[in-house]
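Let's take a walk through this one together. Have a look at the model below first, and then we'll go through it piece by piece.

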Amino acid sequence: MGKPYIFITRKIPNHLVEKLRDQYEVEMWDSEETVVPRELLLEKSRHAYGLLTMLTDSIDQELFQQAPNLKVVANLAVGYDNIDLDAAQKHNVVVTNTPDVLTDTTADLTFALLLATARRIPEAVDYVKADQWTSWAPYMLAGSDVHHKTIGIVGMGSIGEAIAKRATGFEMEILYHNRSRKEKAERELGAKYVSFNELLSQSDFIVCMTPLTPETKDMFNKEAFKNMKDGAIFINSSRGGVVNEQDLYEALKDGDIKAAGLDVFKNEPIRNDHPLLSLDQVVALPHIGSASLETRTEMIKLATENIIRVLNGETALTPVYG
Ligand code: DGY
């Protein structure tokens, strides 16, 4: 019998899959940039024992049904809303993600996005490059202060806590809302637990870090934006689906909130005719929360290790359930 087959849905550096190749027949989708076509993904899954997937792949009931040998899906992300967990469980497939290794990197990016949005950094860069800087003026590109303001973090998982830790350096007041209380963050970072509506009405910066679930879908809607205080800045680096983008667009256009920094969108990649991108007060990034060379390498190593462990009958390092 040949080696069990593993399919990787994006081109990743060969040296990071050598360990997998020692034991398995490994094939990769031959592109770094484009998503593997659905039909090809289904075809490869039909004889795969393991899949290393991206957040752009829909790993659903249809796929599980056609993959009788599949034992493990290792998703290269901490989020796993692209995977139907019920279907995975029904078909006895272990699903893993890549938490922890990306916590600080994602918190860094989120804080960078907050600073860039508050201090209008992308606008300022464009201003200089477009040769518009002809003199100095007292209110030229004046933004909002970050230090000593109130940050409200919705979704206080490990990335939320890492953002709160950064906020202490800016001497910010820290509010959070989460399904459960985080006593360590309260004790060590001075974070204060509040209801969702209190957080919206008291925060200068609302940072969304909550995963996308049926409960959180569209939770940032017209009503939520109306509840935010004047001049509030909204930051999202979790999943686009938690935001009603039309409502966000209207809130920004009507001046209900001041600005938004967005690393994620409902449909990615966002196209440049999207209404949100017509607004100067929107800073948009292409979902790069965990995109540092070091962290992406650690994520790949963790995902491959999870596959090896599950196929060797061991417990995965980071299973999303079980
Ligand atoms: C994740 O890991 O879920 C991030 O969104 C990827 O950058």
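How many residue pairs are in polar contact between domain 1 and domain 2? The count is 2 residue pairs, with both partners at pLDDT 80 or more. That confidence value is there since what you're looking at is a predicted model.

Where they touch, domain 1 puts in 6 residues and domain 2 puts in 4 residues.

Now for the size of that meeting place. Interface size is often quoted as the accessible area that is lost when the parts come together. Here, domain 1 and domain 2 bury about 420 Å² between them, and 48% of that is on carbon and sulfur atoms. On the domain 1 side, the residues that give up the most area to domain 2 are Leu55, Asp81 and Thr295, which together make up 75% of what that side buries.

Keep an eye on Asp81. There is 1 salt bridge across the interface of the two domains. Asp81 also pairs with Arg239: their side chains meet in a salt bridge, at 2.9 Å from N to O. By class, the face that domain 1 turns to domain 2 has 3 nonpolar, 2 polar and 1 charged residues.

Next, the ligand. Around it you'll find Leu55, Ala77, Val78, Gly79, Leu102, Arg239, His287, Ser290 and Arg296. Two of those names have come up already: Leu55 was among the residues losing the most area to domain 2, and Arg239 was the salt-bridge partner of Asp81. Sorted by class, the shell has 4 nonpolar, 3 polar and 2 charged residues.

What reaches the oxygen atoms of the ligand? A polar side-chain atom of Arg239 lies 2.7 Å from one, and a polar side-chain atom of Ser290 lies 2.8 Å from one. Gly79 uses its backbone instead, with an N or O atom 2.9 Å from a ligand oxygen. Taken alone, the ligand would expose 240 Å², and the protein buries 93% of that.

Methods. Residues are numbered from 1 along each chain as its sequence is written. This is a predicted model: local features need pLDDT of at least 70, side-chain atom pairs count only at pLDDT 80 or more; totals for chains, interfaces and linings use all residues. Side-chain values use heavy atoms; hydrogens and water are left out. Contact means heavy atoms within 4.5 Å. Buried area is the accessible area (1.4 Å probe) that two parts lose on being put together, summed over both. A salt bridge is a side-chain nitrogen of Lys or Arg within 4 Å of a carboxyl oxygen of Asp or Glu. A polar contact is a pair of N or O atoms within 3.5 Å; within protein, one must be able to donate a hydrogen and the other to accept it, and residues adjacent in sequence count only if both atoms are side-chain atoms. Ala, Val, Leu, Ile, Met, Phe, Trp, Tyr, Cys and Pro count as nonpolar, Asp, Glu, Lys and Arg as charged, and the others, Gly among them, as polar. A residue is near a molecule or strand if one of its heavy atoms lies within 4 Å of it. Accessible areas come from the Shrake-Rupley method with a 1.4 Å probe; for residues, only the protein chains shown count as cover.
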